Amino acid sequence: MSLLSIVNLSKAFKGVTVLDGVSLTIGTGEIAGLVGESGSGKSTLIRCLMGLEKPDGGAITYDGIDLLRAGRAERRRFQREAQIVFQDPYSSLNPRRTVEQIVGEGLQIHEPRAPRRDRVVEALDQVGLGADMLGRHPGSLSGGQRQRVAIARALAMRPRLLVCDEPVSALDVSVQAQVVHLLKDAQQRLGTSLLFVAHDLAVVGALCDTVTVLDQGVAVEQGVTAAVFAEPAHAYTRELLAAVPDFEGIS
Amino acid sequence: MTALTSPITRLTRFTRRPARRPWLDHLVLAVIGLLVLAAIFGPLLAPHDPYRSDPSLRLLGPSSQFWLGTDEEGRDVLSRLLVGARPTLLSALVVVLVSTALGLLVASVAALGGRWADEILMRTCDILLSLPGLMLALAVATALGSGLTGAIIALVVAMFPATARLARGTILRTLTTGYVEAAKVMGTSRVTLMLRHVLPNSLDEVLINATLQIGGVTLILSGLSFIGVGAQPPSAEWGAMASTAARYVTVNWPAAILPGLLITISVVAFGLLGDMLQVRRDPTLRKGLR
Amino acid sequence: MSALLEIRDLTVDAGDVRLVDGMNLTLRRGEFLALVGESGSGKSVTARAITRLDRRTRLAGSIRMDGAELLTMPESELRAYRGARIGMVFQDPLSSFNPVQPIGRQIAEPLLIRGVGRAAARKKAEEMLGEMGITRPGERLTAYPHELSGGMRQRAAIAMALIAEPELLIADEPTTALDVRMQAKVLKLIREAATARHLAVLFITHDLGIVAGNADRVCVMYSGRPVEENDVRTLFRAPVHPYTRDLLAAVPRLGRGVGSLTAIPGVAATPANRPAGCAYHPRCAVAVQRCATQVPAFEARAACHLVEVPAR
């Protein structure tokens with residue numbers, strides 16, 4: 001059963017089409033990859049999904065809720081159950097708040113009666129950070145630690161859908177793998193569905209069950225990741241795959 | 001983002017040393033401390049009653065009884081200078097605080113309130129900005145009658161639009177940052193969003209601007225008093241003091257020169273304080289750091 | 001082949017932090033050397049030390065180009081090296097261009113400074129853009145930086161770096177800000193231009209994958225120190241330093257699952273909090289007691305206590 005289905009989503013900015021009838025479904029507990037270069041429309045798709053942008057046409061259905069026509073209560077349920085991790089951990093955390101305040105913000109809004117500190121510590125633990133982080137400010141953390149705090153902020157809500165907008169591309173190589181494992185872990189333990197946006201096909205290949213390739217606002221290719229990567233039907237997908245660095249030729 | 005920050009910005013993290021001229025910073029802080037002390041405790045410190053005139057003591061030079069001499073009505077100049085710190089600096093502070101608060105309020109409403117609110121508020125600010133500030137101040141002061149209150153209101157009206165513009169710019173910039181979007185996605189209410197995420201991260205620039213303004217406002221207020229539109233005699237406001245004492249400069253120079261000198265010192269000190277804050281916020285502004 | 005660039009015992013200090021601690025590097029003409037490291041590894045700082053771009057840092061040791069010592073050279077003499085004998089390309093091409101001047105003028109600038117005539121310089125700029133695979137280069141000369149795409153801007157920046165026919169090209173993460181397909185293209189361009197000119201290239205990157213198919217030699221840095229250096233085949237086939245091995249295992253590759261992706265525990269050591277001994281020892285799976293106290297010397301091809309030094 002699909003948790004999220006996006007149908008025929010369109011969006012134009014000042015007459016320039018950014019999304020042209022893109023459809024996408026994510027099943028419960030599934031990891032869906034969304035691949036494309038800058039200008040492909042992948043950020044706009046996410047912004048429309050999260051309600052930061054209003055699409056011109058199409059429909060987004062989340063667990064039976066028509067998000068584009070949802071009432072206040074339904075909207076709030078989506079805000080509670082769907083969380084996002086942004087690309088740049090340096091700008092996605094308010095520099096003036098402590099880690100505890102940042103991670104607990106969603107709980108404060110949606111579950112004010114939940115034992116907040118316990119849930120925050122639990123979420124930090126899930127991303128491999130100790131309770132000693134609670135009082136720290138983002139400025140004193142490394143990029144990898146910040147991104148883990150951002151993931152903890154999402155996990156604290158025990159989300160059913162986790163949207164990750166290039167969550168590893170701003171991180172050092174040695175830390176990228178940590179974050180990828182974290183996400184995989186969350187999906188397996190909590191049964192969370194993931195929408196994983198990336199430009200690095202190697203990561204998508206490793207992590208995602210299905211993949212959608214976006215080129216200039218159009219979904220040019222869609223399917224099970226292994227099948228798409230093994231036999232790309234579209235020239236653009238082939239080019240992207242060819243651009244992935246090849247270690248095997250050398251080692 | 002580790003990969004996309006330039007080595008320069010990363011370097012500044014390691015090289016944030018104390019300012020290159022720490023003695024100047026200390027001096028500025030000391031001067032401002034003294035001015036603030038005078039503004040608070042001036043009346044207590046004053047050796048004589050600053051308002052009691054005594055024709056028999058007119059225009060005396062400095063002596064052991066009157067360290068800085070007396071003015072044309074026989075009042076102690078030192079006492080008047082100490083007492084005058086309050087009306088002079090406090091009124092400047094009031095102008096800056098009120099105009100900054102008003103500017104922030106207008107900016108917040110404009111930035112968050114939708115296109116119409118934004119248009120109306122900002123075009124109003126544009127109109128106010130197009131009027132020459134000093135003329136506006138003079139006009140309002142004349143309409144309300146001469147006096148410090150009139151001058152203060154006039155200056156607030158003249159100054160808040162510029163602050164509103166500046167604040168609106170920084171607020172709009174802060175609104176596009178990741179953490180504000182993250183909060184929006186989470187369903188944070190508008191007011192919380194503003195108070196918790198947007199304003200605290202937009203205030204730096206506005207507060208630095210306010211500090212820089214204190215000196216200028218002191219000068220304008222004193223200027224208004226000097227030409228007789230602001231504080232009125234017998235007030236010990238420094239501008240008014242300088243104005244009346246100017247006529248007797250040949251007889252008792254400290255009474256005429258010192259108020260002006262204090263005004264100058266205040267203006268420079270607050271200007272430098274603003275610079276200091278700015279450098280603290282952005283160390284790359286420091287000279288020689290390029 | 002003689003060495004064009006020789007860095008010996010370079011240290012770079014900023015405040016009381018040692019950003020680079022004992023860097024050694026030799027670069028020959030016609031050689032493509034990749035300097036690889038994570039943030040805080042000192043790779044960019046090393047590259048910038050060559051032209052002494054950061055005045056806030058204190059440099060010690062020796063950097064020789066063609067026998068001439070760059071570290072002690074007067075600023076006026078060094079200026080003749082920048083742009084002319086040493087070309088530079090940076091990560092963000094937008095910052096290398098003045099936004100209010102057409103790019104043609106800026107690409108030709110290194111020639112104009114050296115007294116080449118306007119028409120000749122313009123012609124050369126057009127040639128260079130053409131060589132960088134930009135179509136209708138003549139028309140592009142009058143474009144302003146913001147009118148070009150990121151990839152085109154970076155290619156224009158490379159054209160500018162190469163126009164005065166330098167002997168050394170320093171490229172500091174030139175592909176990081178670009179899209180995947182453009183990354184491959186720009187890399188290929190740099191590679192080809194270098195081969196055609198017998199140019200020495202110092203290529204700074206955090207991305208091992210990008211290095212694999214393009215560099216001749218690779219030097220890996222960690223926390224301000226070189227940890228391993230070798231020709232690219234050997235380094236990828238048989239890395240000896242534990243950090244290099246861990247790093248290679250942490251890079252996702254096509255056709256492998258999440259399971260084969262091994263994360264390195266902990267946080268990269270920054271120069272400001274560099275552990276004693278081998279800087280990598282807190283994260284190293286095979287570290288022994290000695291690693292925590294003694295800084296390993298760089299011998300043969302790596303700086304590690306556990307690597308057997310082959311007898312010569």
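A:Asn8 is partly exposed, because its relative accessible area is 44% (buried means under 20% relative accessible area, exposed over 50%, partly exposed in between, with a 1.4 Å probe and protein chains only). The residue lies in strand S1 (residues 2-13) of chain A. Helices (H or I, at least four residues) and strands (E, at least two) are DSSP runs, numbered from the N terminus.

This is a predicted model, in which local features need pLDDT of at least 70 and side-chain atom pairs count only at pLDDT 80 or more, while totals for chains, interfaces and linings use all residues. Residues are numbered from 1 along each chain as its sequence is written, chains are lettered from A and ligands numbered from 1 in the order in which they are written, and side-chain values use heavy atoms, with hydrogens and water left out.

**Positive phi in chain A**

- Most residues other than glycine have a negative phi, and most peptide bonds are trans.
- A:Asn8 has a positive phi, near 55°, and is not a glycine.
- A:Gln216, also a residue other than glycine, has a positive phi near 50°.
- A:Gln216 sits in the loop between strand S9 (210-215) and strand S10 (218-224) of chain A.
- A:Gln216 counts as exposed because its relative accessible area is 61%.

**A buried serine in chain B**

- B:Ser108 belongs to helix H3 (residues 77-112) of chain B.
- With a relative accessibility of 13%, B:Ser108 counts as buried.
- Leaving out residues up to four places away in sequence, B:Ser108 touches B:Gly113, B:Ile171, B:Met194 and B:Leu199 (contact means heavy atoms within 4.5 Å).

**Strand S3 of chain C**

- Five of the five residues of strand S3 (residues 32-36) of chain C are buried, so the strand is largely enclosed by the rest of the structure.
- On one side of S3(C) the buried residues are C:Phe32, C:Ala34 and C:Val36, and on the other they are C:Leu33 and C:Leu35, which leaves both faces covered.
- S3(C) pairs in the parallel sense with strand S8 (residues 200-205) of chain C, over five bridges (two strands pair if DSSP finds at least two bridges between them).
- In S8(C), C:Val201 stands opposite C:Phe32.
- S3(C) also pairs in the parallel sense with strand S9 (residues 217-222) of chain C, over four bridges.
- In S9(C), C:Arg217 stands opposite C:Leu33.

- Four strands of chain C form an open sheet with antiparallel pairing, in the order S2-S1-S4-S5.
- Strand S2 (17-28) and strand S5 (68-69) of chain C are the edge strands, each pairing on one side only.
- Strand S1 (residues 3-14) of chain C runs antiparallel to S2(C), and nine bridges join them.
- C:Asp13 has C:Arg18 in S2(C) as its bridge partner.
- C:Thr26 is a residue of strand S2 of chain C.
- C:Thr26 is buried because its relative accessible area is 17%.
- Neighbours within four places in sequence aside, C:Thr26 is in contact with C:Ala3, C:Leu5, C:Glu6, C:Arg8, C:Glu31 and C:Arg217.
- A polar contact of 2.9 Å joins the side chains of C:Thr26 and C:Arg8 (a polar contact is a pair of N or O atoms within 3.5 Å; within protein, one must be able to donate a hydrogen and the other to accept it, and residues adjacent in sequence count only if both atoms are side-chain atoms).
- From C-alpha to C-alpha, C:Thr26 and C:Lys123 are 35 Å apart in space, and they are 97 residues apart in sequence.

**Where chain A meets chain C**

- The contact takes 34 residues from chain A and 33 residues from chain C.
- About 3000 Å² is buried between chain A and chain C, and carbon and sulfur atoms give 63% of this area (buried area is the accessible area, with a 1.4 Å probe, that two parts lose on being put together, summed over both).
- The rule finds two salt bridges across the interface of chain A and chain C (a salt bridge is a side-chain nitrogen of Lys or Arg within 4 Å of a carboxyl oxygen of Asp or Glu).
- C:Arg181 and A:Glu239 form a salt bridge through their side chains, at 2.7 Å from N to O.
- Across the interface of chain A and chain C, ten residue pairs are in polar contact, with both residues at pLDDT 80 or more.
- Helix H5 (143-155), helix H6 (173-190), helix H7 (201-207) and helix H9 (235-242) of chain A each supply at least two residues of the side that touches chain C.
- H6(A) gives the largest share of that side of chain A, eight residues.
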